[in-house]
Structure formats: C-alpha cells, structure tokens
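Hi,

Here is the structure I promised to pass on. Please open it, then read my notes below.

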Amino acid sequence: MSEQNTRRPGEVFNDEDSNRSDNPHFDSVLATRLSRRHLLRGGAGAAVVGSAALAGCAPPASSGGAPGAATQLGFTPVARTTADTVTVPPGYTAQVLYAGGDPLGADVPAFRNDGSDEQWGRRAGDHHDGIEWFGLDAQNQPSGSFTSRGLLAMNHEATTDEKLSSFFIHANGGTATLPRPAAEIDKELMIHGISVVEVRRDGRRWATQPASPYNRRITTLSEAIFTGPAAGSAHLATKYSPNGTKGRGTVNNCGTGKTPWGTLVSGEENWYGYFFRDAQDDARRNDPKITAAFKRYGRNAGAASRHGWESGGSDDRFQRWNTGATGASAREDYRNEFHTFGYVVELDPYNPNTLLTKRTALGRFAHENVSFAKPVAGQPVVAYMGCDARGEYIYKFVSAEKWDPADANPRNRLAAGDKYLDAGALYVARFNADGSGEWLELSPKNPAISGFKGFDFKTQADVCVFTRLAADAAGATKMDRPEWTGVNPKNGEVYITLTNNSARTEATVDAANPRTYSDMKGSKEQKGNVHGHIVRLAEATPAEATFRWDIYLFASEADADKANINLSNLSDQNDLSSPDGLVFSPATGICWIETDDGAYTDKTNCMLLAALPGQVGDGGARTVKSGNKDVTTHVGKPQTPATLRRFLVGPKGAEITGITETPDGRAIFVNIQHAGENTKMADVGDPAKYESRWPSSAGYGAGQRPRSATVVITKNDGGVIGT
C-alpha cells in the first residue's frame with residue numbers, strides 16, 4: 001500500500017517519484033473529440049463494533065455453493081466518521097480475529113503489547129495487508145467449498161515508524177539515531193513478510209488455531225529461490241548466492257492474489273527504502289547505466305535508508321542492507337542485493353515445508369497485487385499488475401503454457417507455478433486518447449527496447465530485473481500510481497485503482513489521467529489528482545494485444561465541482577478518496593473498494609465501499625477542464641447509492657486494506673492496517689497521547705498500543721455479505 005498517512009521527516013519511502021522518462025501523457029492528441037461509438041463496441045444507524053460474540057441466527061452449514069451474482073446492495077450505507085473504532089452497517093458484526101503479535105505456536109506466550117515481546121518469527125507480523133482464503137476440509141485437504149475452516153495467508157507490509165525505529169514494538173520506542181542496536185533490528189527484521197494462520201468457526205464465533213501445523217511466518221530472513229529468466233543471472237549474484245539462484249526473505253509485501261492452482265502470490269512493493277549505498281558508490285561502480293538504474297528504482301547514492309538496518313553490525317543479516325559495491329566483486333558483497341527484491345513471490349500455504357519462490361518473469365517493480373483472468377482450457381494464463389509510484393505503469397503477463405484444467409488441483413502446486421509463471425510474455429500498457437489501448441511487449445525482440453540508449457537490454461533477464469527501464473523504452477503511459485488490479489467475474493473486465501498523484505499537473509494531464517485540481521484539507525491546499533480514480537479495461541480475450549478503456553470511478557468529496565472533479569456524481573453515502581485495495585467477490589460479484597487516504601481524513605477515516613460495477617462504455621465521452629486545459633476522456637456511468645455505498649469506516653490513522661471471504665460469501669475478512677500511525681514516537685509511553693488505541697479499545701488483547709489486525713465480518717441473520 002501507499003501508506004499515505006505516514007509521517008516521516010525528509011524522505012517518504014512510500015511516496016516514490018523516480019520516473020524521469022519522456023514517455024508521453026498523450027496531451028498532444030487530447031483535443032480530438034471522441035465519439036461514443038469507440039466505447040460502445042465492446043448514513044444512519046451504523047453499528048459500532050468490537051470483539052463481542054456474534055449475535056442473531058446460527059451460521060450456515062460448513063460447506064455450500066456460492067449464492068450467485070448480487071443484483072442489488074442490501075445494507076444501509078455507513079456515514080463518514082472520525083471515531084476510533086470499526087463501524088459497519090446495522091445488522092452486521094465485526095470481530096477482531098488476528099492482530100499483530102498474536103502467537104502462531106502453542107508454546108508462544110500471549111502478546112503483552114508493551115514493547116517487551118520477543119519471538120517475532122512465531123507471531124503475527126506488523127501492518128496486515130493483502131489477504132487470501134485457502135479452505136481446508138475435515139480431512140485436512142484443500143477445499144474450494146468448505147466455509148468453517150481455512151487458512152488465511154496475508155502480507156505484513158511495513159511498520160509504524162516516525163524516524164528509523166519501529167517504535168510501538170520497542171519498550172522505550174527504540175533508537176532514532178545511527179547506529180541502530182542489533183537487538184532492535186532483529187525484531188524489525190521479523191515483523192515484515194507473510195503469515196499463514198489457521199482459522200475456524202465454532203458456532204457463531206471465529207478463532208485462530210495457535211497450535212495448527214499449517215501456521216507459518218515468512219520474514220526478511222527466510223530462504224527464497226529465484227525462477228524464470230533472471231534466475232542464475234549475474235544481476236542476482238551476491239555473497240549469499242554467488243550463482244544468483246537464491247535470496248533471503250521478502251519485504252514490503254503489499255497486495256496478494258490467488259493463483260488458479262491454489263497458491264498465494266504476493267507483491268514486493270516499496271522495498272527500495274530499506275537499502276543503503278554510500279555517497280561514493282556511483283564512482284566506485286563506474287557504470288553510468290547501472291547507477292542510473294538504481295536511481296530509476298528510487299535508490300540514490302548517499303540517501304538514508306528507512307530503518308538503518310545496515311548499521312547493526314558486521315553480520316550478514318545487517319550488511320546485506322548495504323547494497324553498495326564494497327568488495328572486489330559481486331560475489332564478495334551485496335551490491336546486487338537490491339536487485340533480489342521487487343518481484344511477485346509465490347507461496348504454498350498448504351505446505352509449510354516449501355520455500356518462498358520469486359517469479360522473475362513477472363518483472364521487477366513496485367508490485368501491488370496480482371489478479372488473474374479466469375483460466376480457459378487451451379488458452380494462456382493471464383495476470384495483471386500495477387506499479388505503485390507516481391507516473392508508473394500497468395503490466396500484464398501472458399504464460400507460454402496453455403491452461404490445463406487438471407492443474408486446478410495439482411499434486412505439486414509450486415510445480416504448477418513453475419509451469420505457468422516462469423515463461424511467457426510481459427507487457428506494459430499504453431492508453432490512447434480515443435479509448436483504445438495497446439499492450440507493448442517487454443522483450444529484446446521489441447526494437448524500442450533493444451535499441452534503448454539508457455540501458456543495454458540483451459536478454460530477457462535484463463528486462464525482468466530492470467523492468468521499469470524497459471517500460472520507459474517501450475513508451476508506456478505514465479499513470480497516477482497504479483495499485484490493485486481486479487478482474488470482474490461477470491465479464492472479465494480489468495479494474496485498476498489509481499490512488500492519487502500529487503505530481504499530476506496541467507501540462508501532464510491526459511485522457512487516462514485527466515484531472516488536476518486544488519482541494520483544501522483544513523487550511524492546507526492540496527494539488528494534483530488529489531483523490532484518485534479507477535480505470536477499467538475490456539479485452540476481446542485476456543491474451544489480446546489491444547484493449548478498450550474508460551474511467552469507472554472518479555474519487556472525490558461529495559461537494560466538489562461536478563463538472564470537473566466529482567465526475568462520478570458521488571454523494572454523502574459513497575464519496576471517497578484514494579482508492580487502493582480492490583477485490584471482486586467470487587461469491588457475489590460485488591466489487592469491494594478500500595481506501596488509503598491522507599487527503600480527506602479531516603472529515604472521515606479510511607473506508608471500505610461496495611459497488612455493483614457496470615461495463616466499459618456504459619457512460620460516454622466527457623470534456624474536463626484541468627486548469628486552463630480541456631481534456632477529453634471516457635467516463636463510466638454516474639454512481640448512485642444503489643450502485644456504490646460505504647460499508648465500513650475504520651479507526652483513526654488506519655488504512656483499510658486486503659479483503660477475502662469464505663466461498664459462500666457469508667464471512668469476509670478485512671485488514672485494518674496501522675491504526676494510530678500518526679502517534680509521535682516521543683509519546684510511546686503515554687497512551688493518552690496515542691492517536692488510536694484500537695483494537696484494545698474494542699476489548700481485544702493486552703496493553704493499549706495500537707496494532708494492525710484482521711477483522712471478520714458477518715451478517716447477524718447469517719446471510720450473504722452485502723446483499
């Protein structure tokens with residue numbers, strides 16, 4: 001996620017802006033008037049929740065089919081609120097299920113939440129993010145229909161830090177100067193990564209199973225293997241793995257996805273800020289194209305790292321975060337450690353004995369999640385991805401192998417991943433002003449890439465490690481921070497959240513990113529595409545090289561100018577800012593939209609909305625005035641509370657992120673990330689000064705320090721969520 005609320009002096013590691021390419025924003029063709037035919041081808045009474053037991057009717061049986069596509073939203077919209085709690089509609093209950101620090105072993109002590117806790121490698125990590133459900137039946141077999149028992153696999157993206165230290169997990173707030181103590185860093189190395197936890201429903205209540213053999217943590221120190229074109233390349237050679245086939249751990253994992261063969265995929269997003277290289281590193285390397293590549297990925301020589309982990313001592317677990325050329329060769333230092341992050345990683349939640357796999361064929365950038373088109377026998381497997389930084393791109397991967405339905409339940413799930421994710425074609429999107437678009441292949445076979453002056457692209461390994469540069473060369477369209485992608489199960493259309501872009505200006509607006517405007521937060525003026533939007537694509541088939549597009553939703557405050565800002569006609573029941581997470585319910589087809597906002601938080605905390613999406617072309621062409629510039633774009637059908645309404649508002653300082661559900665759609669699991677993150681480090685010892693004390697304020701767990709947590713939401717009458 002983008003963690004827009006995070007307060008950090010100096011460099012903000014989750015607000016990268018390193019795209020200095022000359023790729024067009026298509027402003028030169030925006031004066032063309034567009035015909036609609038280009039697209040037509042193709043409140044009140046909210047419940048405040050805590051950890052109380054569920055009330056109402058008994059839940060359904062343990063297994064059952066999905067209820068089918070929802071035709072209407074059946075809940076009362078939740079009003080905007082800045083209350084320090086989780087608010088859901090009347091008739092719903094949310095239960096806190098799994099919070100940072102919760103034990104993942106029967107012998108791990110209960111979490112004290114006072115900064116003294118240890119054994120972080122066997123506890124829930126920090127900053128819960130993307131999450132997926134993996135069902136288990138009574139015979140311990142994977143199940144696509146069992147609804148009362150399953151595994152939740154989720155990312156632990158980052159940690160709350162004002163300056164260097166992850167201050168809520170240290171008794172005194174930790175050390176905010178260099179060098180950092182090794183004991184503090186060791187904790188912080190373990191709170192990042194991924195966790196797998198077994199959950200069960202007993203009657204009306206859900207609970208984690210601390211003694212489950214499926215429980216697992218992946219941290220920054222867990223062994224990983226590389227597969228795909230870059231595996232074994234010189235770009236990945238390090239002191240730890242001189243042949244470039246192995247790596248250690250994963251970090252800043254953001255969104256997730258579930259593969260057609262039943263594994264978790266997770267995106268490594270803002271990893272660049274965890275690394276350091278000193279001010280002399282460019283000169284030592286004496287390779288202008290490599291040093292330019294470091295800068296293109298946000299890591300300038302001499303810039304401070306996010307946590308100062310490299311300062312912990314001479315041990316490799318610390319020195320690997322110094323990615324400078326300090327030895328005689330790449331096999332004697334960690335100059336390439338930076339290149340071992342930024343991938344889609346795959347994990348088999350059902351098998352704790354398997355290693356984490358980094359799938360280099362899907363490219364290296366600031367990955368959010370991965371969403372898959374519905375697999376069709378005899379057709380390639382297709383995955384969609386976004387790169388979350390200002391002015392970055394939207395990507396697609398098309399497998400070389402054709403889908404075999406027998407692989408939906410394979411004996412070896414990671415072998416299926418080898419089959420479909422290690423070879424294929426990687427593409428980047430270019431949006432045209434007439435509502436069409438092209439997928440540009442990222443390969444040395446593309447003359448724009450092989451002839452690029454900014455880097456020597458000789459092999460596909462070069463493309464997969466330096467993907468951003470290849471996309472620059474190909475001529476991709478700079479977007480307003482592409483985050484989550486989602487595929488509409490009804491018609492296969494692809495939705496991509498563009499969360500915001502403070503760098504969007506009148507000179508750079510284009511058809512796909514048409515707004516730049518001013519918006520006030522209290523007395524502070526905010527500029528650019530302040531609130532973000534959601535674009536959607538329609539393809540004849542997922543493997544096609546062309547698409548049609550429009551903008552499904554323009555995020556906005558309800559009272560904003562409807563001619564140029566509030567283009568989706570949002571009201572008090574459904575206005576929002578900074579759409580981030582986006583997931584379609586497999587059970588109902590509802591599109592769930594989550595926000596990670598810092599622009600509207602004077603009036604409301606972050607939220608979750610439910611939408612009944614339409615289709616590309618259900619609106620029409622629209623001319624928008626951005627400053628003194630007229631931009632013609634394509635706007636989806638205006639929203640109403642019947643098609644989009646607010647379902648949940650979170651506690652203070654929290655981002656709402658990650659959502660998954662049981663197969664029957666009667667329980668959804670939502671992650672509440674970094675409640676209270678705007679607390680000052682100096683106030684860690686005074687709970688009265690915390691921005692939030694959730695979830696302890698809701699009756700969950702010990703202590704008062706805020707924690708990220710998963711909540712499970714059910715309907716009190718046992719019905720299907722959202723309907």
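Which residues lie nearest the centre of the largest cavity? They are Asp126, Phe168, Ile169, Pro706 and Arg707. Bear in mind that this is a predicted model.

**The cavity**
In all, 21 residues line the largest cavity. Its volume is about 190 Å³. Rolling a probe the size of a water molecule over the atoms shows where empty space is left.

**Helix H2**
Next, go to helix H2, residues 182-191. Its buried residues are Glu184, Ile185, Lys187, Glu188, Leu189 and Ile191. An α-helix has 3.6 residues a turn, so residues three or four places apart point the same way. What covers the buried residues of H2? The cover includes strands S6 (149-156), S7 (193-202) and S9 (216-218), along with helix H5 (316-319). Gly193 follows H2, and its phi is positive, near 120 degrees.

**Helix H9**
Helix H9 spans residues 467-474. Eight of its eight residues are buried. Among them are Arg468 and Asp472. Just after H9 comes Gly475, with a positive phi of about 95 degrees.

**Strand S28**
Strand S28 covers residues 546-554, and eight of its nine residues are buried. S28 runs antiparallel to strand S21 (436-441), and three bridges join the two. Here Ser436 stands opposite Arg548. S28 also runs antiparallel to strand S27 (533-538), with six bridges between them. In that pairing, Leu537 has Trp549 as its bridge partner.

Best wishes

Definitions and conventions:
Residues numbered from 1 in each chain as written. Predicted model: local features only at pLDDT ≥ 70, side-chain atom pairs only at ≥ 80, totals over all residues. Heavy atoms only, no water. 1 Å grid on protein atoms, 1.4 Å probe; cavity = no way out; pocket = protein on both sides within 12 Å on 5 of 7 lines; lining within 4 Å. Points joined across faces, edges and corners; volume = space filled by probe spheres on them. Buried < 20%, exposed > 50% of the residue type's maximum accessible area, 1.4 Å probe, protein only. Helix = DSSP H or I, 4+ residues; strand = E, 2+ residues; numbered from the N terminus. Contact = heavy atoms within 4.5 Å. Pairing = 2+ DSSP bridges.
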